[in-house]
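Please consider the model shown below. The discussion that follows turns to aromatic contacts, strand pairing and charged side chains.

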Amino acid sequence: VAETNPSGPRSMVLSLLTFVMFLSIVTVSRSFAIGGVRAITSAKLLRQTRSFCTPSAAVGTTVAPAAKPSGDSIEALEIRVGKILEIGKHPEADSLYVEKVDLGESSGPRTIVSGLVEFCTAEYLLNRDVVVLCNLKPRAFKGINSQGMLLCSSNKADGKVEPLIPPAGVPAGELVSFEGHVIKPEEPGNRATKAYTKVSGDFVVSDSGIATYKGIPFMTSKGPITSTILKGPIS
C-alpha cells in the first residue's frame with residue numbers, strides 16, 4: 001500500500017488562502033490610497049472654488065476705509081427733518097409762533113418757539129416740512145419751553161427769512177448727514193449749544209440754492225436740503 005502525504009493538500013490550501021488574503025489586503029490598501037488622493041484633490045478643489053466665490057476688490061481698485069469721527073463740532077449736532085403739525089401765536093409775544101413739530105419720536109411732536117411771525121404766515125408754515133436743530137439746550141420763551149430751533153435762511157438786504165426746504169418724501173425724524181463726517185449727536189444741553197456756536201458761521205446757502213456747511217451739502221436720503229434764498233446765512 002502506497003503511503004500518502006497528508007500535509008500536501010493542506011499545504012496547498014494554506015498557500016491558496018494566504019494568496020487570497022494577500023490580494024484582499026492589496027485591494028483594500030489600493031482603495032484607501034485612491035480615496036486619500038480623491039479626498040486631497042477634493043479639498044484642493046473646494047479651496048479653489050471658495051477663493052473664486054469669495055468677493056474681493058476688483059483689480060486696480062481700492063476699498064474705501066470706513067469713515068471715522070473727525071472731531072469737527074458739526075458731528076455733535078442733531079439736525080433732523082420734521083413737519084409742522086400745529087401752529088399758533090404765542091399768547092404772551094406777538095412776534096413768536098408756537099409750533100408742534102413731528103420729528104418721528106415716540107414721545108410725540110415737540111414744542112418749538114420761533115420768531116417767524118414777521119416773515120411767514122401761519123398758513124404758509126402749517127403742514128410744511130422743515131429742518132430742526134434738535135439738541136440745543138431747551139429754552140423758555142415767555143413761559144413756553146422750546147425744544148429745538150427751525151433752521152432758516154435769510155437775506156438781510158430785503159429782510160426775507162424762510163425755513164430750509166427738505167426734499168419731498170423724506171420721513172419725519174430723518175437725521176441730516178454731511179459727507180466725510182460721522183454724526184454722533186450730543187445729548188440736548190450746553191455742549192451741543194456750544195458746538196452749534198462754533199459751526200453756525202459756516203452754515204450758508206450756495207449759489208445754486210443748496211444748504212451747506214463749509215461747502216458740504218446738508219444731505220438726506222432723497223437729496224440735499226435747499227433754499228430759495230441764495231447765498232444767505234442759515235440760522
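Predicted model: local features only at pLDDT ≥ 70, side-chain atom pairs only at ≥ 80, totals over all residues.

Tyr196 and Phe203 are both buried. A pair of aromatic rings is described by the distance of the centres and the angle of the planes. The structure holds five aromatic pairs. In one of them, the ring centres of Phe178 and Phe218 lie 4.9 Å apart with the planes at 70 degrees, so the arrangement is edge-to-face. Phe178 belongs to the loop between strand E9 (160-163) and helix H3 (190-199), whereas Phe218 belongs to the loop between strand E12 (216-217) and strand E13 (219-220); the contact therefore ties together parts that are 40 residues apart in sequence. Phe178 has a relative accessible area of 3% and is thus buried, and Phe218, at 0% relative accessibility, counts as buried too. For Tyr196 and Phe203, the ring centres are 6.3 Å apart and the planes stand at 55 degrees, so this pair is tilted. Ring pairs join Phe178, Tyr196, Phe203, Tyr213 and Phe218 into a cluster.

The strands form the next topic. An open sheet of three strands runs in the order E10-E11-E12, with antiparallel pairing. Strand E10 (203-205) and E12 are the edge strands, each pairing on one side only. Three bridges connect E10 with strand E11 (residues 211-213) in the antiparallel sense, and Val204 stands opposite Thr212 in E11.

Side chains of opposite charge can pair when their charged atoms come close. The structure contains six salt bridges. One of these joins the side chains of Lys214 and Asp72, at 3.6 Å from N to O. Lys214 sits in the loop between E11 and E12 and Asp72 in the loop between helix H1 (7-53) and strand E1 (79-90), so that distant parts of the chain, 142 residues apart, are linked. Lys214 counts as exposed, because its relative accessibility is 52%.

A further salt bridge connects Lys83 with Asp129, whose closest N and O atoms are 3.7 Å apart. Since Lys83 lies in strand E1 and Asp129 in strand E4 (residues 129-133), the pair ties together parts that are 46 residues apart in sequence. Lys83 is partly exposed at 29% relative accessibility, as is Asp129 at 26%.

Lys231 and Asp207 also meet in a salt bridge, at 4.0 Å from N to O. Lys231 lies in the segment after strand E14 (223-224) and Asp207 in the loop between E10 and E11, so this pair ties together parts that are 24 residues apart in sequence. Both Lys231 and Asp207 are exposed.

Technical notes. Residues numbered from 1 in each chain as written. Heavy atoms only, no water. Phe/Tyr/Trp six-rings, centres within 6.5 Å; stacked < 30°, edge-to-face > 60°. Helix = DSSP H or I, 4+ residues; strand = E, 2+ residues; numbered from the N terminus. Buried < 20%, exposed > 50% of the residue type's maximum accessible area, 1.4 Å probe, protein only. Pairing = 2+ DSSP bridges.
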